[in-house]
Amino acid sequence: MKNKFIRNTIILSCVAAFCLFVPTILIKFDIILDAYIAQLLTLSGVNAIMALSVNMICGITGQLSLGQAGFMAIGAYATVLLTEAGCPLFISVIIAAIITAFFGFLIGFPVLKLEGDYLAIVTLAFGEIIFKVLVNLKSLTGGPNGKQFVTMLCLDPTLAYFVITAVLIVLVVLVQNFIRSTYGRSILAVREDEIAANSSGIPIFKYKMIGFVIASFIAGIGGALYVMLIGFVKPDQASFTKSIDYLIYVVLGGMGSTTGAVLAAFVLTILQEVLRFLKDFRLLVYPVILVIVMLFRPQGLLGTKEASFVKTFDWLKAGGLKTLFSKKSKQTESSEKEAE
């Protein structure tokens, strides 16, 4: 058992190192990946972090939230204001995430007593409140024009990719380990059946609150990284449409699937940029894809399952590709014989 754990850890560490260092080197020396592609991948990483946040509250905790963009905006503005006050950037990001989690804690008390449509409506209202507050607090937020915030991540695409991808990998590892912990399994029990969980002695409100606060904390980190990457933040970042975008990533990838949410965030972010030649019509891509997925695979691409690099490695080691191609060749031969 111990040897298996060490082996799996080595495989996952190699995959993480490959995803982190290989693109960083290619971006640094402008090989295949130029600054434009680097920024696209980095923005996809930020969206993936927000997808993790939405998946934590919607997929894992089982509560429909439509206001995660509001928490992202709190994290972004808090980072800017703390840095302007003289706080070191790294410390500003951590404090901004904690502040965002605190707001999640305060809002969670009245919100998490509701369920279903009522919960969604209240979280939607929260996002709109954040948007209006940011627009009217011109002395702190810059009003509708937003605030500028220039950092090294804006100027250096190599550093931006490395930092944001490293944070994404760390968050994925922490979320996956949390789900497998006692707290995570209790939250999953609440998601599956609140009555059964309550009868088993699991305090439902407590674990809903834990999931909500963790989701807020992750959103705060996403907002901090966003403003560091883009170098600018506006109140529009807390808008309802942004929250829906992040929710679509989770629905497409699979509610409750961490790897599915991350994969969908990368695919849809890159797809929207590839379809830029369609101009405003590219905004129709998200709803069309969502309708197709809901019709033919309502559980999402991965459902509640996770993509396993360890199983993929074992499959390749066992000659999976060779077996796959041999089956295809046999099918081709048999179809040719039937045609004759």
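Predicted model: local features only at pLDDT ≥ 70, side-chain atom pairs only at ≥ 80, totals over all residues.
Residues are numbered from 1 along each chain as its sequence is written, and side-chain values use heavy atoms, with hydrogens and water left out.

Serine 239 sits in the loop between strand E2 (232-233) and helix H12 (240-253); helices (H or I, at least four residues) and strands (E, at least two) are DSSP runs, numbered from the N terminus. Is serine 239 buried or exposed? With a relative accessible area of 16%, serine 239 is buried, since buried means under 20% relative accessible area, exposed over 50%, and partly exposed in between, using a 1.4 Å probe and protein chains only.

Turning to helix H4 (residues 89-111), we find threonine 100 there, and threonine 100 is buried, with a relative accessible area of 0%. Its side chain reaches the backbone oxygen of alanine 96 at 2.7 Å. Which residues does threonine 100 touch, not counting residues up to four places away in sequence? They are Phe71, Ile74, Gly75, Ser216 and Gly220, with contact meaning heavy atoms within 4.5 Å.

Alanine 125, by contrast, belongs to helix H5 (residues 116-136) and counts as partly exposed, at 36% relative accessibility. Between the C-alpha atoms of alanine 125 and glycine 143, which are 18 residues apart along the chain, the separation is 20 Å.

Now to the whole protein, whose secondary structure comes to 16 helices and 2 strands. The radius of gyration is 22 Å, close to the 20 Å that the globule rule gives for 340 residues, so the protein is as compact as a globular protein of that length; the radius is taken over C-alpha atoms, and the rule is 2.2 Å times the number of residues to the power 0.38. Along the principal axes, the C-alpha atoms fill a box of roughly 80 × 60 × 45 Å. Buried residues make up 44% of the 340 residues, and among contacts between residues at least 6 apart in sequence, 77% join residues at least 24 apart.

Terms used
Polar contact = N/O pair within 3.5 Å; in protein donor to acceptor, adjacent residues only side chain to side chain.
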